[in-house]
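Here's a quick briefing to read with the structure open beside you.

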Amino acid sequence: MIPMLGEEEAQAAAEAVRSGWVAQGPRVAQFEQEFATLVGAGHGVAVSSCTTGLHLALVLLGAGPGDEVVIPSLSFIATANAVRYVGATPVFADVDLATGNLTVETIDAVRTPRTRAVIAVHQGGVPFDTVGLRKAAEGWGIGLVEDAACAAGSTAYGQPAGAGAAVAAWSFHPRKVITTGEGGMVTVDDADQAARLRRLREHGMNVSAADRHASKQPVLEAYLETAYNYRMTDIQAAVGLVQLGRLPGLVAQRRELAARYHELLAGIDGLVPVRDPAYGQTNYQSFWVLLDGFPVGRDEVLSELAAKGVSARRGIMAAHLEPAYADVVPAPLPVTERLTRDSLILPLHHALTGDDQQYIVDILRDLASR
């Protein structure tokens with residue numbers, strides 16, 4: 001992945017610096033509003049990362065010690081870490097082989113009376129079944145947090161992936177389709193929840209620093225609860241506003257590149273590339289390929305690609321296999337373990353050319369013939 005950053009972003013950041021307002025301020029507020037509109041949410045609350053966004057989402061739902069939160073092990077470790085931040089117990093569920101996502105069935109297999117919430121991930125930009133999971137969570141009486149870290153520009157049932165979510169967390173890390181360097185967003189439809197999230201990200205203050213400085217009279221703030229410092233800067237938001245304008249074009253380009261990968265890989269046995277689910281479209285934030293009967297192991301494929309100048313990566317990690325979660329004994333996760341063992345992520349970014357793709361696929365074709 002290479003982030004798409006140009007002169008417009010540089011100028012926007014410089015203007016923020018020249019304005020004298022570089023902390024959370026008017027550009028953050030504008031970015032929140034425009035991002036929420038883009039993803040079909042009522043309110044956006046900018047934060048320092050998607051990880052802190054997930055943390056605040058669980059705080060909002062009241063998850064804590066004694067509660068269980070069902071999550072996929074097949075996800076970046078931040079998904080699991082957020083559960084531990086609130087003192088709850090992570091419970092790993094398996095995923096669908098084609099999408100890498102939780103399903104109603106895999107959640108139902110591990111939920112218990114102690115289940116307070118589910119964190120469902122739109123994995124690698126592939127949307128999960130939003131209609132099915134939201135309906136199930138409501139029927140079970142548990143909260144659903146949507147980890148939309150990779151999902152900006154993805155759709156489900158004809159709507160942006162986050163539209164209709166009770167609470168969703170988004171990432172603007174440089175590996176995502178749009179970036180602010182570091183940074184994230186929490187989206188909700190409820191105004192009171194948005195107001196509380198804004199307090200939680202800013203030490204629990206009942207009035208923001210920007211609002212205090214905008215007042216013509218002294219404002220004596222109050223601190224309503226123990227909270228955090230999870231703010232985004234106006235410099236980041238200035239970059240983000242430019243990036244929002246690029247998003248439709250970037251997604252269209254990524255989908256064109258993915259279509260070419262599908263065409264080139266079609267004649268190679270033993271490779272199963274990620275595709276759109278029947279109910280939506282992925283932004284192809286990650287283009288992963290599952291080795292299914294391929295004659296060479298995943299790690300050897302990665303080594304061969306690296307030796308020839310191709311920066312591929314292992315597939316999505318499995319948190320339950322990491323030392324940090326060695327104390328968690330999950331139910332069997334056969335699909336998760338297969339995906340994390342036998343998949344790899346191929347390069348896909350705005351600077352990738354057709355010749356680059358042909359070169360990559362030629363290496364894979366040569367390996368397939370061994």
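Predicted model: local features only at pLDDT ≥ 70, side-chain atom pairs only at ≥ 80, totals over all residues.

A residue is called buried when its relative accessible area is under 20%, exposed when it is over 50%, and partly exposed in between. A search of the whole structure turns up 21 salt bridges, and a few of them get a closer look below.

**Salt bridges**

- Arg338 has a partner: it forms a salt bridge with Asp292, and the closest N and O atoms are 2.9 Å apart. This pair links distant parts of the chain, with Asp292 in the loop between strand E12 (287-291) and helix H10 (298-307) and Arg338 in helix H11 (residues 334-342), 46 residues apart. Asp292 comes in at 41% relative accessibility, so it is partly exposed too.
- Some salt bridges share partners, and in this way Glu300, Glu304, Lys308, Asp366 and Arg370 are joined into one network.
- Arg114 and Glu68 also meet through their side chains, in a salt bridge of 3.5 Å from N to O. Arg114 sits in the loop between helix H5 (104-108) and strand E4 (115-121), while Glu68 belongs to strand E2 (residues 68-72), so this pair ties together parts that are 46 residues apart in sequence.
- Is each of these two partners buried or partly exposed? Arg114 has 42% relative accessibility, so it counts as partly exposed, whereas Glu68 has 11% and therefore counts as buried.
- Another pair to find is Arg111 with Asp108, whose side chains meet in a salt bridge at 2.6 Å, N to O. Arg111 is partly exposed because its relative accessibility is 32%, and Asp108 is partly exposed as well, at 39%.

- Look for helix H3 (residues 50-61) and helix H7 (residues 191-200): their axes come within 11 Å and cross at roughly 125°. That angle makes H3 oblique to H7.
- Which way does the crossing of H3 and H7 go, left-handed or right-handed? The crossing is right-handed.
- On the H3 side, the contact is made by Leu56, Val59 and Leu60, and on the H7 side by Gln193, Arg196, Leu197 and Leu200. Sort the residues of this contact by type and you get five nonpolar, one polar and one charged.

**Around Gly66**

- Gly66 can be found in the loop between H3 and E2. Its relative accessibility is 42%, so Gly66 counts as partly exposed.
- Gly66 and Ala88 are 22 residues apart along the chain, but their C-alpha atoms are separated by 6.1 Å.

**Helix H4 and what covers it**

- In helix H4 (residues 78-85), the buried residues are Ala78, Thr79, Ala80, Ala82 and Val83.
- What covers these buried residues of H4? The cover includes H3, E2, strand E3 (89-93), E4 and strand E5 (143-147).
- Just after H4 comes Gly87, which takes a positive phi of about 85°.

Notes:
Residues numbered from 1 in each chain as written. Heavy atoms only, no water. Salt bridge = Lys/Arg side-chain N within 4 Å of Asp/Glu carboxyl O. Helix = DSSP H or I, 4+ residues; strand = E, 2+ residues; numbered from the N terminus. Buried < 20%, exposed > 50% of the residue type's maximum accessible area, 1.4 Å probe, protein only. Axes fitted to C-alpha atoms, helices over the stretch in contact; angles between N-to-C directions. Parallel < 35°, antiparallel > 145°, perpendicular 65-115°, else oblique. Left-handed = near helix turned anticlockwise from the far one by under 90°. Contact = heavy atoms within 4.5 Å. Nonpolar A, V, L, I, M, F, W, Y, C, P; charged D, E, K, R; others polar.
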